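Here is my note on the model, point by point. Please read it with the coordinates open.

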Amino acid sequence: MMFKKIFSLIVIAVLLASIITGCGQKGNNAQTDENSQKNAGEQVVLKFLHKWPQPQNMEYFEQIVKEFEEKHPNIKIEMEAVADEPIKDKLRIVMGSDDQPDVFFSWSGEFARKFVRVGSVLDITDAFNSDSEWNNSIMKAGIEPFTFDGKVYGMPFRINGKFFVYNTDLFERYNLKKPQTWQDFMDICETLKKAGITPIALGNQFPWAACHYLTTFNQKLVPQDVRMKDYNPKTGEFTHPGYVKALEYLKLLKDKGYFNDGVNSTSHDMAHQLFYAGKAGMIYVELEEFAQVEENMSGRWDFFAMPAIPEGEGNQKFLTGAPDGFMISAKTKHPQEAIEFLKFLVSKESAEKLVKTLGWPSPVIGAVNETNAPKFLVEGMKALESAEGMALWLDTDVHIKVAETYLAGLQELLNGSKSPEDIMKEVRQTAKTVQSEVD
Amino acid sequence: MRHPLQGEYRVKMYADRRLAYTYLFPAVILVLVFIYYPAVLNIFYSLYRWSAFSEKKIYVGMHYYNRLFKDPVFYVALKNNALYAVISLVFQVGFGLIIAAILEEKFMRKFQAFFRTVYFSPAVISLTVVGLLWQLIYNSNIGIVNAFLKLIGLGNYAQDWLGSSKTAIFAVIAVSQWQYTGYIMILFLVAIQKIPYELYEAAMIDGANRLQMFFNVTVPQVKEMILVCTTITIIGAFKVFDEVYVMTAGGPGRSSEVLATYLYRSAFRNDEMGYAAAIAFVIFVITFVLSFLQIKLFRTGADA
């Protein structure tokens, strides 16, 4: 009995000792941390959330963060990256918590606006306007979709346009040229289809893909002022006949067999593969994807914007595309430092590096130029700059509930299980509910 | 049997209620804080219109429940969950039991280890991996399902399994069967191995054939396990999320939506936390009633 007691006492003593020393060590660490912080002045930690966790992209951000930290030894950046689809959910959750990132990625338009509406985003108008160098370095088309009620809430990081990319080998083989009119475009599709080649690769597993088509069709078929009124959650009605027509144009492409089989179960990446393999003649992609296309097609491709639609009531010289960028949380404890970091992210120096290493289009004036960017990117940017305006992605430009109705409807449309009129009926219904709920 | 502890100790220990409660206390607190408190709070939340990122809550009363029962997507989801439950019962519990019984047959004993591993292995693969894997298998351009159908001359039946509203939910359910039948089978194997061999001997002497032995000896003897398995498959079917989310995300349209994915969509895409809470409450009621019924019907413990 005695031994047992002694033994258990020893065990308890050892356990206690390990706990105490464990804590003690931690305490020591904390102390040394504090010491080093004192040496470096007041240490500030900024949380940074973006949507490019892919290794090749992360490399760029790691470098930018490192450079920033070297220039600002008192600021430490805690970076986190979440991919494109999940960040849509993640942002909604963290923005409601006390654990908000100080600087975070956001799409422009309604996606950003819903955070602005509830007061989660820092107004950076003063900082931006008082710094003329910063102010003049960024394209107005990039700033505007981050401006709400005359106040600037975010900085554009990339500026994106949507283009048809085509396989020049295939086009030459069938004597096809860049289409000038909508009819040309339909003829090209028909020729390719008859030759046994899928005219357009579409991967609509995540339905934003078809939604980008609809973004363009809506813009081209509905007058600008009507569309803007409808995209505003407070006044959206969607009664203009152009909306139904826009869906009919998309349905036409599908019904004529111009898309690959199984669009709704094909991912966008798989659509890329179909195009690279020469199984599809064209694919509708964003400017930022040009670098990827070049990597796989090395010069055997070219691009064009969706041609004008003769019966369309919208401005035919618009381009589909939008900037995306970064915003600062209104709850940040270090607004000065956060603005400093934001400024660094969209500085010319960082932007040039972005263009050079990732081949992404930057809204920083002069960042994309002949010396640092491949030809296709320069040309794409020119097309963007010459456009008379931009149609922001439909799924990030309308209220989320309207967007969700559209997104689900598009898959049904491509399956043939819902008609354009049915979908618009649902959209109108949703828009009505949204009107009553938004304040 | 004599209790291992000496009488004096035993009485003391069992009489000391305070001690017993002290030991129970941490577990009770955990359950209260992490299960019951949120469950009650959830009901409260379902009465408000609010989004995850806004601090404002607007009282709407029973509005979301009214809307839910008029919402066609809710019925699609409910139907899909019911399909999930019925098909899982037939395949996982039904076939799982049959396969287990066959593997326990004398002539199969030699190969049992091999088949056990083969059938069980899908259950250990991560759900996301399984989802991506089957996306490729079902793919209409490069997938092997369609290629196989064409090979054996059934090309007419080849289709866009996950991309068509008619087949998407069944394609997803099929994957779950592939993944979990083996798991349930293992549970039955264990149960069957516990059946005393004398029962089979007695049945043999009475002249029962294999089928009669299965229905009159095996099935009644594993009744408890059948109850456990039906409960976990049915509750699982109503809570299913990952499989659907990874493979179709509820699409195309809303055709393969289940309650859990609809809840997720409402909460984190449509910014309607209140509506999501209402859906969560309905899922709670359904699973609660189902497990209650099952336990009552089988009168568990009484026959064991």
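**Notes on the predicted model**

1. Overall make-up of chain A. Chain A has 20 helices and 13 strands. Bear in mind that this is a predicted model. Along the principal axes, the C-alpha atoms of chain A fill a box of roughly 95 × 65 × 50 Å. Chain A has 439 residues, and 45% of them count as buried. Take the contacts in chain A between residues at least 6 apart in sequence: 77% of these join residues at least 24 apart.

2. Domains of chain A. There are two parts to consider: domain 1 (44–160 + 323–377) and domain 2 (162–320 + 399–437). Their C-alpha centres lie 28 Å apart. Across the boundary, 11 residues of domain 1 of chain A are in contact with eight residues of domain 2 of chain A. On the domain 1 side, the touching residues are six nonpolar, two polar and three charged.

3. The largest nonpolar core. This core has 123 residues. Val165(A), Ile200(A), Leu214(A), Ile283(A) and Leu342(A) have the most contacts inside it. Helix H19 (residues 400–415) of chain A contributes the largest share, nine residues.

4. Leaving aside residues up to four places away in sequence, Ile283(A) touches Val165(A), Ile200(A), Ala201(A), Ala271(A), His272(A) and Phe275(A). Another core, of 41 residues, lies apart from the largest one. Its members include Leu68(B), Phe74(B), Val258(B) and Ala267(B).

5. The contact between chains. Here 25 residues of chain A are in contact with 21 residues of chain B. On the chain A side, helix H3 (84–94) and H19 each supply at least two residues. Which element of chain A gives the most to this side? The answer is H19(A), with seven residues. By class, the chain A side divides into eight nonpolar, nine polar and eight charged residues.

6. Helix H6 of chain B. H6(B) covers residues 127–138, 12 residues in total. From first C-alpha to last, H6(B) reaches 16 Å, close to the 16 Å expected at 1.5 Å a residue. Val130(B), Trp134(B), Gln135(B) and Tyr138(B) are buried in H6(B). Why do these residues share a side of the helix? They cover an arc of only 140° around the axis, which puts them on the same side of H6(B). As background, an α-helix has 3.6 residues a turn, so residues three or four places apart point the same way.

7. The face turned away from the buried side carries the exposed residues Thr128(B), Val129(B) and Leu136(B). The buried residues of H6(B) are covered by elements of chain B including helix H7 (144–151), helix H8 (168–193) and helix H12 (242–247).

8. Val65(A). This residue is in helix H2 (residues 55–71) of chain A. Is Val65(A) buried or exposed? Val65(A) counts as buried because it has 20 C-beta neighbours inside 10 Å, and 20 is the cut-off for burial. Not counting residues up to four places away in sequence, Val65(A) touches Ile77(A) and Met79(A). Val65(A) and Asn175(A) are 110 residues apart in sequence, and their C-alpha atoms are 49 Å apart in space.

9. The loop between H12 and H13 of chain B. Thr248(B) is buried, with 27 other C-beta atoms within 10 Å. Beyond residues up to four places away in sequence, Thr248(B) touches Leu162(B), Ala168(B), Val172(B) and Ser256(B). Ala249(B) is found in the loop as well. Ala249(B) is partly exposed, with 18 other C-beta atoms within 10 Å. Phi of Ala249(B) is near 55°, a positive value in a residue other than glycine.

10. A backbone angle to check in chain A. Asp149(A) is not a glycine, yet has a positive phi of about 50°. Asp149(A) lies in the loop between strand E4 (147–148) and strand E5 (151–152) of chain A. With 8 C-beta neighbours inside 10 Å, Asp149(A) counts as exposed.

Key. Residues numbered from 1 in each chain as written. Chains lettered and ligands numbered in written order. Predicted model: local features only at pLDDT ≥ 70, side-chain atom pairs only at ≥ 80, totals over all residues. Core = buried A, V, L, I, M, F, W, Y, C linked by C-beta atoms within 7 Å. Buried ≥ 20, exposed ≤ 12 C-beta atoms within 10 Å, placed from the backbone. Helix = DSSP H or I, 4+ residues; strand = E, 2+ residues; numbered from the N terminus. Contact = placed C-beta atoms within 7 Å. Expected span 1.5 Å × (residues − 1). Arc of directions from axis to C-beta. Domains from an automatic or database assignment. Nonpolar A, V, L, I, M, F, W, Y, C, P; charged D, E, K, R; others polar.
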